[in-house]
Amino acid sequence: MTTPPPMPPPPADSALPENANLELEVDGPAPQRRLTVLFRALLLIPQFVVLFFLGIANAVVMFLGWFGALAMGRLPEWARRFLANYLRYGTRVNAYMYLLVDRYPPFAFDDDGYPARIEVRSGRLNRWAVLFRFLLVIPAAIVSAVLSSGWVACSFFLWITVLIAGRTPAPVFGATAAVLRYSTRVGAYFGMLTAAYPNPKSIFGEQVVDAEQHGVPRGTRPLVLTKGAVALTIVFLVLGVLAEVGNVASQQMVPPPTGHHVEHGG
């Protein structure tokens, strides 16, 4: 089985067709500085603060852009630009948090030169799909939440692995990139940046190869997973389902708060 060549990017002035997916490009796997890996959670705090305030603005822009997309069949340019930039910013932070890259995310929208990038060019939108976007995205959002929960369940062991090895092993890199790519595609669909529904089949990439017989291309475009990466992705899914079921069960077991009723005798 031969490894497919990287897909050439479309011309800068072209618009993706309405069924085109967002593309995630992450360079690597590359060496990681153990010191930044050790304090990764602390280093991310300023980024989370910025994302909190950007997320408020993003919600407002998405709400206003929804009306524009309903009226015009596409996002207004000002809304498309902000939503795409917010998604770029969040993708860089997530790539750093997921230990896919070692370079600290810049406090800027521009992602040129950063080892984690997205390519998204908005095209036509189906008005009915825009109208019911909040309902249509639910299945994909559930899959994304399950994947993310599974990664979190394994995060301590993944962190230890990268800390000891000084790099993200190829199977971990591929499985984690699959999680990030799918969640980013869900974000692009929910934000009306693309009309392409995030297909769960795309989680496992464009191709699976045997690492012992075939060289694995660097980066994520196309996303080529080794059998080990596929197995780890399945582990994420299974653990994520168990985590979500456990959360639901624990919430149902918590008794509702009861007030104290005091009776006063006559």
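I take helix axes as lines fitted to C-alpha atoms over the stretch in contact, with angles running from 0 to 180 degrees between N-to-C directions. Helices (H or I, at least four residues) and strands (E, at least two) are DSSP runs numbered from the N terminus.

The model is predicted, so local features need pLDDT of at least 70 and side-chain atom pairs pLDDT 80 or more, while totals for chains, interfaces and linings use all residues. Residues are numbered from 1 along each chain as its sequence is written, and side-chain values use heavy atoms, without hydrogens and water.

Entry 1, α7 and α8. I looked up helix α7 (residues 138–165) against helix α8 (residues 170–190): the axes come within 10 Å and cross at roughly 150°. On the α7 side, the contact (heavy atoms within 4.5 Å) includes Leu147, Trp151 and Leu158; on the α8 side, Val179 and Tyr182 are among the residues.

I found helix α3 (residues 45–72) packing on helix α4 (residues 77–97) at about 150°, with axes 10 Å apart. The two are therefore roughly antiparallel, the term for angles over 145 degrees. Their contact includes Phe48 and Leu54 of α3 and Trp78 and Tyr86 of α4.

I checked the length of helix α9 (residues 227–253): at 1.5 Å a residue its 27 residues should span 39 Å, and the end C-alpha atoms are 39 Å apart, which agrees. The expected span is 1.5 Å times one less than the number of residues. Buried residues (under 20% relative accessible area, 1.4 Å probe, protein chains only) of α9 include Leu232 and Phe236. Their cover includes α7, α8, β3 (207–209) and β4 (224–226).

Note on methods
Angles under 35 degrees count as roughly parallel, over 145 as roughly antiparallel, 65 to 115 as roughly perpendicular and the rest as oblique. Buried means under 20% relative accessible area, exposed over 50%, partly exposed in between (1.4 Å probe, protein chains only).
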